[in-house]
Amino acid sequence: MTVAIKGAGITKSYGKRRALDGFDIEVPEYAITAILGPNGAGKSTFMRMLTGMVEPDSGTLTVLGERPSWQNNRRISYLPDRARWYQGHTVEKAIEWGARLLPEFRKDEAWELAGSLGLEADLETEGMSKGQEARLMLALCLAREVPLLILDEPFSGIDMLSREKIVAALIDSFSTRRQTVLICTHEIAETESLFDHAVFVNDGRTALAGSVEDLRAERGSMQDIYRRIYG
């Protein structure tokens with residue numbers, strides 16, 4: 001198995017709270033890997049580490065064969081758990097911004113994705129629902145032809161119809177490209193069918209990891225495993 005992301009013994013503390021505590025992980029290349037766990041398990045800290053926004057206190061981490069850094073971020077499309085928009089931004093301006101600033105951005109694909117996700121060009125980002133905002137962020141991320149796609153909680157707190165649209169867009173996108181995908185979530189019901197590989201995180205450590213096919217054969221559905229680990 002070729003590994004796209006490898007971490008060993010990673011620790012990270014914020015004051016007295018330890019977000020990651022000897023965290024080990026291997027993410028297969030060209031697989032869709034789920035990082036699963038409840039809020040506070042350490043998932044988002046690890047995601048930000050992959051882009052160099054957060055540095056580990058100890059341990060080692062490589063992303064696409066290199067240490068995380070702003071230089072390596074040209075090869076990563078990252079969807080954070082929250083977006084920040086300029087005042088007066090619209091869907092059209094957000095796509096124009098992506099075309100000017102994001103490496104390997106495919107403007108035509110961004111417009112196609114925006115349309116399929118129900119986003120009008122003149123829709124203003126100010127006053128968007130959380131679901132509309134999540135769909136716009138996803139369109140911008142999926143429009144980039146880069147080796148690694150990282151989605152941090154793309155389904156959290158949004159309505160069911162938006163989740164369904166996002167999952168449909170992801171399925172369509174992943175079927176046509178060769179890319180390593182990492183999805184951090186605690187929403188499993190709508191997304192379980194997406195994943196090739198899964199990593200369950202608990203209290204800053206890896207509780208369980210493996211191919212989804214093997215885990216299902218040995219332990220049942222991802223939802224059943226989730227309940228047993230965190231219930």
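Select Asn72 to begin: with a relative accessibility of 2%, Asn72 counts as buried, where buried stands for under 20% relative accessible area, exposed for over 50% and partly exposed for what lies in between (1.4 Å probe, protein chains only). The model in view is predicted, so that local features need pLDDT of at least 70 and side-chain atom pairs count only at pLDDT 80 or more, while totals for chains, interfaces and linings use all residues. Residues are numbered from 1 along each chain as its sequence is written, and side-chain values use heavy atoms, with hydrogens and water left out.

**The loop between S4 and S5**

Keep Asn72 selected and colour the two elements on either side of its loop, strand S4 (58–63) and strand S5 (76–79); helices (H or I, at least four residues) and strands (E, at least two) are DSSP runs, numbered from the N terminus. Next, display Val63, Leu64, Glu66 and Arg67, with which Asn72 is in contact once its neighbours within four places in sequence are left aside, contact being defined as heavy atoms within 4.5 Å. Leu64 counts as buried, at 18% relative accessibility.

**The loop between H2 and H3**

Move on to Glu104, in the loop between H2 and H3, where phi is again positive in a residue other than glycine, near 55 degrees. Glu104 counts as partly exposed, its relative accessibility being 42%.

**Helix H4**

Now select residues 130–142, which form helix H4: its 13 residues reach 18 Å from the first C-alpha to the last, close to the 18 Å expected at 1.5 Å a residue, the expected span being 1.5 Å times one less than the number of residues. The helix is mostly covered, since ten of its 13 residues are buried; among them are Gly131, Arg135, Met137 and Cys141, as well as Leu136, Leu138, Leu140 and Leu142. To see what these buried residues pack against, show S5 together with helix H2 (91–101), helix H3 (107–116), strand S6 (148–152) and helix H5 (160–174).

Thr191 is buried, with a relative accessible area of 0%, and touches Phe155, Val167 and Thr185 when residues up to four places away in sequence are not counted. A distance drawn from the C-alpha of Thr191 to that of Ala143, 48 residues apart along the chain, comes to 20 Å.

**The whole chain**

Finally, zoom out to the chain, which holds seven helices and nine strands. Its radius of gyration is 17 Å, close to the 17 Å that the globule rule gives for 231 residues, so the chain is as compact as a globular protein of that length; the radius is taken over C-alpha atoms, and the rule is 2.2 Å times the number of residues to the power 0.38. Along its principal axes the C-alpha trace spans about 45 × 35 × 35 Å, and 48% of the 231 residues count as buried. Of the contacts with a separation of 6 or more, 68% are between residues 24 or more positions apart.
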